Amino acid sequence: MPDVLVDPDMTASLAAVASSLPLQAGLLASQAGQLLVALVAVAIVIVVGKFVLKLAWRLVTIGIVLVAAFFLLSTAGLI
């Protein structure tokens with residue numbers, strides 16, 4: 001199998017080009033685009049957090065009712 005020769009400068013220049021490509025095109029090209037992407041990401045986190053907290057409140061409420069019922073039954077001597 002023939003050896004492939006790579007000039008050390010080639011790898012550095014390829015890495016520089018590859019790392020700068022996403023910044024040159026698309027939404028991330030300007031500060032307004034970066035701000036838009038950040039705000040959309042924050043909105044997604046808030047929406048997901050809203051549903052998680054809604055579920056958490058239901059679980060906490062169910063837990064309070066169950067523990068209160070157990071406490072009242074044990075206080076009354078039924079358990």
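How far does H2 reach from its first C-alpha to its last? In this predicted model, H2 has 45 residues and spans 63 Å between those two atoms, close to the 66 Å expected at 1.5 Å a residue. The expected span is 1.5 Å times one less than the number of residues.

The protein contains two helices and zero strands (DSSP runs, H or I of at least four residues for helices and E of at least two for strands, numbered from the N terminus). Helix H2 covers residues 31-75, with Val52 among them. After H2 comes Gly77, with a positive phi near 85°.

| Item | Value |
|---|---|
| Buried share of the 79 residues | 1% |
| Buried residues in H2 | one of 45 residues |
| Accessible surface of the protein | about 7,100 Å² |

Buried means under 20% relative accessible area, with a 1.4 Å probe and protein chains only. Accessible areas come from the Shrake-Rupley method with a 1.4 Å probe. Carbon and sulfur atoms hold 79% of the accessible surface.

Leu27, Leu28, Leu36, Val37, Val40, Ile44, Val48 and Val52 make a nonpolar surface patch of about 670 Å² (residues with over 30% relative accessible area and no salt bridge, nonpolar side chains joined within 5 Å; a salt bridge is a side-chain nitrogen of Lys or Arg within 4 Å of a carboxyl oxygen of Asp or Glu).

Residues are numbered from 1 along each chain as its sequence is written. Local features need pLDDT of at least 70, side-chain atom pairs count only at pLDDT 80 or more, and totals for chains, interfaces and linings use all residues, while side-chain values use heavy atoms, without hydrogens and water.

Technical notes. Buried means under 20% relative accessible area, exposed over 50%, partly exposed in between (1.4 Å probe, protein chains only). Patches are made of residues with over 30% relative accessible area and no salt bridge: like charges are joined within 9 Å, nonpolar side chains (Val, Leu, Ile, Met, Phe, Trp, Tyr) within 5 Å.
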